[in-house]
Amino acid sequence: ATAGNTRLDLGGQFQNLYLVIQTAVAITDTGSDATLVATFETADDVGLSTNATVLLSSGTLVFATYATAGSQILVAKLPSALYRRYIGVRYTVASGPFTAGAIDAFLTTSPQINRIYKSAFTVQ
């Protein structure tokens with residue numbers, strides 16, 4: 001029996017794993033000018049500071065590209081690499097700080113690219 005999260009073998013049977021990072025709750029900052037870089041990293045310690053390696057990066061994103069809830073920050077297949085004991089996502093904000101909002105990051109075998117449409121659109 002496991003406590004907390006159920007253990008799953010997401011990478012079994014040669015399945016591809018994807019990292020998805022997206023805005024869960026709209027982000028605000030005082031000047032709407034904060035930039036964001038999200039990196040997926042591996043390291044020997046939980047703080048991601050010993051033998052740390054950046055495996056994926058969003059690059060520098062301007063506020064308008066990630067601030068709205070549902071915005072995709074990064075969707076990428078995990079690369080083949082030497083993964084150390086710990087993995088994590090680091091968010092580096094410049095010209096901030098954020099005053100509200102939330103970002104989700106998760107691993108999945110089937111990423112769904114969300115397309116956000118304006119309201120009142122017509123489907124043909």
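**A close look at one residue**

Guide: Start with the neighbours. Not counting residues up to four places away in sequence, Ile73 touches Ile21, Gln22, Thr23, Leu36, Ala38, Ser58, Leu61, Tyr66 and Ile103. Keep in mind that this is a predicted model.

Where does Ile73 lie? It lies in strand E4, which spans residues 72-77. Is Ile73 buried or exposed? Its relative accessibility is 8%. Buried means under 20%, so Ile73 counts as buried. Ile73 and Ser57 are 16 residues apart along the chain. Their C-alpha atoms are separated by 9.8 Å.

Now widen the view to the core. The largest nonpolar core has 18 residues. Which of them touch the most other members? They are Leu19, Leu56, Tyr66 and Ile73. Strand E1 (18-29), E2, E3, helix H1 (63-66) and strand E4 each supply at least two of its residues. There is a general pattern to recall here. In soluble globular proteins, nonpolar side chains tend to be buried together.

Step back to the chain. It holds one helix and six strands. From the N terminus on, the order is β-β-β-α-β-β-β. The chain has 124 residues, and 27% of them count as buried. Take the contacts between residues at least 6 apart in sequence. Of these, 77% join residues at least 24 apart. The chain exposes about 8,300 Å². Carbon and sulfur atoms supply 52% of that area.

Finish with a charged residue, Asp45. Asp45 sits in the loop between strand E2 (35-43) and strand E3 (53-57). Asp45 is buried, yet it has no salt bridge. How far away is the nearest side chain of opposite charge? That side chain is Arg90, at 7.6 Å. A salt bridge needs the two charged groups within 4 Å. What does the side chain of Asp45 reach instead? It reaches the backbone nitrogen of Thr50, at 2.8 Å. Thr50 is also one of the contacts of Asp45. Tyr86 is in contact with Asp45 as well, again leaving aside neighbours within four places in sequence.

So the tour covers two buried residues: Ile73 in strand E4, and Asp45 in a loop.

Key
Residues are numbered from 1 along each chain as its sequence is written. This is a predicted model: local features need pLDDT of at least 70, side-chain atom pairs count only at pLDDT 80 or more; totals for chains, interfaces and linings use all residues. Side-chain values use heavy atoms; hydrogens and water are left out. Helices (H or I, at least four residues) and strands (E, at least two) are DSSP runs, numbered from the N terminus. Buried means under 20% relative accessible area, exposed over 50%, partly exposed in between (1.4 Å probe, protein chains only). A polar contact is a pair of N or O atoms within 3.5 Å; within protein, one must be able to donate a hydrogen and the other to accept it, and residues adjacent in sequence count only if both atoms are side-chain atoms. Contact means heavy atoms within 4.5 Å. Accessible areas come from the Shrake-Rupley method with a 1.4 Å probe; for residues, only the protein chains shown count as cover. A nonpolar core is a set of buried Ala, Val, Leu, Ile, Met, Phe, Trp, Tyr and Cys residues joined through side-chain atoms within 4.5 Å.
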